[in-house]
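Thanks for taking a look at this one with me.

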Amino acid sequence: MEKFTTLQSRAIPLQIENVDTDQIIPARFLKATDKKGFGDNVFRDWRYKKDGSVNAEFALNNDNYSGTILVAGDNFGCGSSREHAAWALTGYGFKVVVSSFFADIFKGNALNNGLLPVQVSEGFLKELLNTIENNPETEIIVNLDAQIISVENSNVSEAFEIDSYKKTCMINGYDDIDYLLSKKTEIEAFENATSI
């Protein structure tokens, strides 16, 4: 995985609550067994109309918005446990998703795939969404080491929680196996010290 320490980026606002994993990546696109191509179909049924034309009203199709941060409504990633939802979001180019609540399985899948879920208060989320919609050029700063999300050139900021193990993995670009390999010397020392 790519290392994550601090990200500064514009953001795309998605003022929709209860976004489930089937909306993130519809079930008909789950036939592939690797991560390639999933980003092309993220939010497919919202990005395109039934006739296949682009839905210009959907946030990801709005040329005013860009960036690698998705700021979404409450309860993001609910529904089925498909890991493909995280694949689709990272495949599209997102590195961070901000919401006031994440489904637990989605949060785990996101962290395992290098996508940082930043859970903030409802008040902060509302302020963030309004700020981005009023000024699409707003830049958001996510500092994983300090566990702070803030709006550039403002006093708007909030701390966020993250599991310490997953934080270590993201900062170092580790998956679970990489983390174990990073502890190889300590594991061998323990084994040698405890062997009879």
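Predicted model: local features only at pLDDT ≥ 70, side-chain atom pairs only at ≥ 80, totals over all residues.

1. Let's begin with the strands. Strand β2 (residues 69-72) pairs with β3 in the parallel sense, over three bridges. If you want a spot to look at, Val 71 has Val 98 in β3 as its bridge partner. Strand β3 (residues 96-99) is covered on both faces: Val 96 and Val 98 are buried on one side, and Val 97 and Ser 99 are buried on the other. In general, side chains in a regular strand alternate between the two faces of the sheet.

2. Next come the salt bridges, and the count is five. One of them joins the side chains of Asp 22 and Arg 82, at 2.9 Å from N to O. This pair links distant parts of the chain, 60 residues apart, with Asp 22 in helix α1 (residues 21-24) and Arg 82 in the loop between β2 and α3 (84-92). Asp 22 counts as partly exposed at 36% relative accessibility, whereas Arg 82 is buried at 16%.

3. Another salt bridge brings together the side chains of Arg 28 and Asp 45, at 2.6 Å from N to O. Because Arg 28 lies in the loop between α1 and α2 (44-47) and Asp 45 in helix α2, the pair ties together parts that are 17 residues apart in sequence. Arg 28 is partly exposed, with a relative accessible area of 48%, and Asp 45 is partly exposed at 45%.

4. Lys 166 forms a salt bridge with Asp 176, with the closest N and O atoms 3.8 Å apart. Lys 166 lies in helix α6 and Asp 176 in helix α7, so this pair ties together parts 10 residues apart in sequence. Lys 166 is buried at 16% relative accessibility, while Asp 176 is partly exposed at 39%.

5. Now look at Lys 167, in helix α6 (residues 164-172). Why does Lys 167 have no salt bridge with Asp 145? The two side chains are 4.4 Å apart, and a salt bridge needs the nitrogen and oxygen within 4 Å. Leaving aside neighbours within four places in sequence, Lys 167 is in contact with Leu 144, Asp 145, Gln 147 and Ile 162.

6. Ile 177, Leu 180, Leu 181 and Ile 187 make a nonpolar patch of about 390 Å². Helix α7 (residues 176-182) gives the most to the patch, with three residues. Ile 177 sits in helix α7 and is exposed, with a relative accessible area of 53%.

How values were computed. Residues numbered from 1 in each chain as written. Heavy atoms only, no water. Patch = residues over 30% accessible without salt bridge, like charges linked within 9 Å, V, L, I, M, F, W, Y side chains within 5 Å. Areas by Shrake-Rupley, 256 points an atom, 1.4 Å probe, with all protein chains shown as cover. Helix = DSSP H or I, 4+ residues; strand = E, 2+ residues; numbered from the N terminus. Buried < 20%, exposed > 50% of the residue type's maximum accessible area, 1.4 Å probe, protein only. Lys, Arg positive; Asp, Glu negative; His and termini not counted. Contact = heavy atoms within 4.5 Å. Pairing = 2+ DSSP bridges.
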